[in-house]
Amino acid sequence: MTVLVTGGAGFIGSVVTDALAQQGEQVLVVDNLTRSVQPEFCSGVSFETADIGDTERIRQLIADHGVDACIHLAGLISVAESVQNPGAYIENNIVGSARLFEALTDHRVCHVVFSSSAAVYGNASSMPISEDAPLRPTSPYGWTKMVVEQMLSAYDTANGLRSVSLRYFNAAGATSRRRECHEPETHLVPLAIRAATNSDAPLQVFGTDYPTRDGTAVRDYIHISDLARAHLLALNYLRDGGDTTVLNLGAGRGHSVLEVIAAVEHGLGRAVPYQTGSRRAGDPAELIASPRRARRVLNWEPSQSSLEEIVASAATHAD
Ligand SMILES: NC(=O)c1ccc[n+]([C@@H]2O[C@H](COP(=O)([O-])OP(=O)(O)OC[C@H]3O[C@@H](n4cnc5c(N)ncnc54)[C@H](O)[C@@H]3O)[C@@H](O)[C@H]2O)c1
C-alpha cells in the first residue's frame, strides 16, 4: 500500500517523504511545483506533477498506486500573501482540499494527516496555547486552515475518514538532505542567514511595537526532523484506530525576532544586517505551543528543537 504525500516537493513535505521512505513505506508524492522544484527522492518514492484540485487525475493516481493513506501538505503558505490575495488561498487551500478529499473518499482512503497551522489561533489570550483555545485566525491563510480542519471533521462524520490535523508552529532547520527554501522565501531563519551572508539585502523586521519583551513578534520554532517524526507517529496512530484529533506541534518555547537574529549572529559568527519597519497585516504578536497533547497522544517529544540546534543545522546546510 502507498502513502500519498501532497505538497511533497516542498520544504516540510520532502523531509516527511524521506522519513516515510526510511521507514520502508511506499510513497507517492504529488505536487504542482508552483512553489517548489522537483527534488530527488530515494527508491520507494514515486513523483507526479499534479494539482490536488484535479480530482480526475488524483482519482486515477490513487487507483494506480493503491493509495491507502494521505499526508496532505500541499497549500499556499504566506500570511502576508493571503491578506493581499485571499481568493487564491480560498481556491487553492480550501477548494483544492475539498476536491482531494472527494477523490480520497471515492477510493475509501480513510486516514489523513493534515498540515494545519498555529495561524488558526490568531491572537490567543494566554500562552502557551492549548488545542482547546478559541480559533480566531487573523489572516485568510489561518482561516483556510481552520476551515479545512472543520471539513475533515465533517468527512469523518459522513464517510468515516479519520484524520490528525497537526497545527505546526514555525518549522525551521535542515536535515543532511533538505534545507528550508520557499518560493518566495518569507521565513525568518533562512532570511536571517541570507542577510548575514549577502550584505546587499538587509533583513526586514516587521513590527517593533508588539506587546512582547523586546517589541518584536514571538514564535515557537520546531526543528523539521522533530516535525517529520510526528507525521509518522500520527499515521501509526490512525492505523491503530485512533480517532480524529488536532494536535499542536511546537517546542513549547517562544523566541522573538531579535532573539533569532542574535542566535544566527552567534551561530554564524557574522552580523545580520537588518532594518525595522511596521507590522505586517495578519501577524499575531505571540504564538507559543503547549505540546502536551501531542506528547500524550503520539508519545512525541521534540529532541532537536533548541534555537541553537535549529540555527546550527540551517547554517550548515545553507546555500
Ligand atoms: N513552514 C512552516 O513553518 C509551516 C507552519 C504551519 C503550517 N505549514 C503548512 O505546512 C505545509 C507545507 O509547508 P512548507 O513550509 O513545506 O511549504 P512549501 O511551499 O515549501 O510546500 C508546499 C508545497 O505545496 C505545493 N502546492 C501548493 N499548492 C498545490 C496544489 N494545489 N496542488 C499540488 N501542490 C501544491 C507547492 O508547490 C509546494 O511544493 C503547508 O500546508 C503549510 O501551510 C507550514
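Which helices and strands each supply at least two residues of the shell around the ligand? They are α1 (11–22), α4 (86–106), β5 (111–117) and β7 (170–172). This is a predicted model, so please read everything below with that in mind. Here is a short tour, starting at the ligand and moving out to the helices and loops.

**Around the ligand**

- The ligand has 29 residues around it, and those that come nearest are Gly7, Gly10, Ile12, Ser36 and Gly75.

**Helix α1**

- The buried residues in α1 are Phe11, Ile12, Gly13, Ser14, Val15, Val16, Thr17, Asp18, Ala19 and Leu20.
- From its first C-alpha to its last, α1 reaches 17 Å, close to the 16 Å expected for its 12 residues at 1.5 Å a residue.
- Just after α1, the backbone at Gly24 takes a positive phi of about 90°.

**Helices α8 and α10**

- Helix α8 covers residues 257–268 and helix α10 covers residues 307–316; their axes come within 9 Å and cross at roughly 55°.
- At that angle, α8 and α10 are therefore oblique to each other.
- The crossing in which α8 passes α10 is right-handed.

**Two cis peptide bonds**

- As background for this topic and the next one, most peptide bonds are trans, and most residues other than glycine have a negative phi.
- The peptide bond from Met127 to Pro128 is cis, with omega near -10°.
- Pro128 sits in the loop between β5 and α5 (140–159); β5 is one of the elements that each supply at least two residues of the ligand shell.
- Glu183 and Pro184 are also joined by a cis peptide bond, here with omega about 0°.
- Pro184 belongs to the loop between β7 and α6 (188–197), and β7 is another of the elements that each supply at least two shell residues.

- Leu33 is not a glycine, yet its phi is positive, near 60°.
- Leu33 is found in the loop between β2 (26–31) and β3 (45–49).
- Is Leu33 buried, exposed or partly exposed? Leu33 counts as partly exposed because it has 14 C-beta neighbours inside 10 Å.
- Asn299 is likewise not a glycine and has a positive phi of about 60°.
- The loop between α9 (292–298) and α10 is where Asn299 lies, and this α10 is the helix whose axis crosses that of α8 at roughly 55°.
- Asn299 is exposed because it has 9 other C-beta atoms within 10 Å.

**Back to the loop between β5 and α5**

- The loop between β5 and α5 contains Ala133 as well as Pro128.
- Ala133 has 17 C-beta neighbours inside 10 Å, so it counts as partly exposed.
- How far apart are Ala133 and Tyr121 in space, C-alpha to C-alpha? The distance is 7.2 Å, with the two residues 12 apart in sequence.

Terms used. Residues numbered from 1 in each chain as written. Predicted model: local features only at pLDDT ≥ 70, side-chain atom pairs only at ≥ 80, totals over all residues. Near = placed C-beta within 6 Å. Helix = DSSP H or I, 4+ residues; strand = E, 2+ residues; numbered from the N terminus. Expected span 1.5 Å × (residues − 1). Buried ≥ 20, exposed ≤ 12 C-beta atoms within 10 Å, placed from the backbone. Axes fitted to C-alpha atoms, helices over the stretch in contact; angles between N-to-C directions. Parallel < 35°, antiparallel > 145°, perpendicular 65-115°, else oblique. Left-handed = near helix turned anticlockwise from the far one by under 90°.
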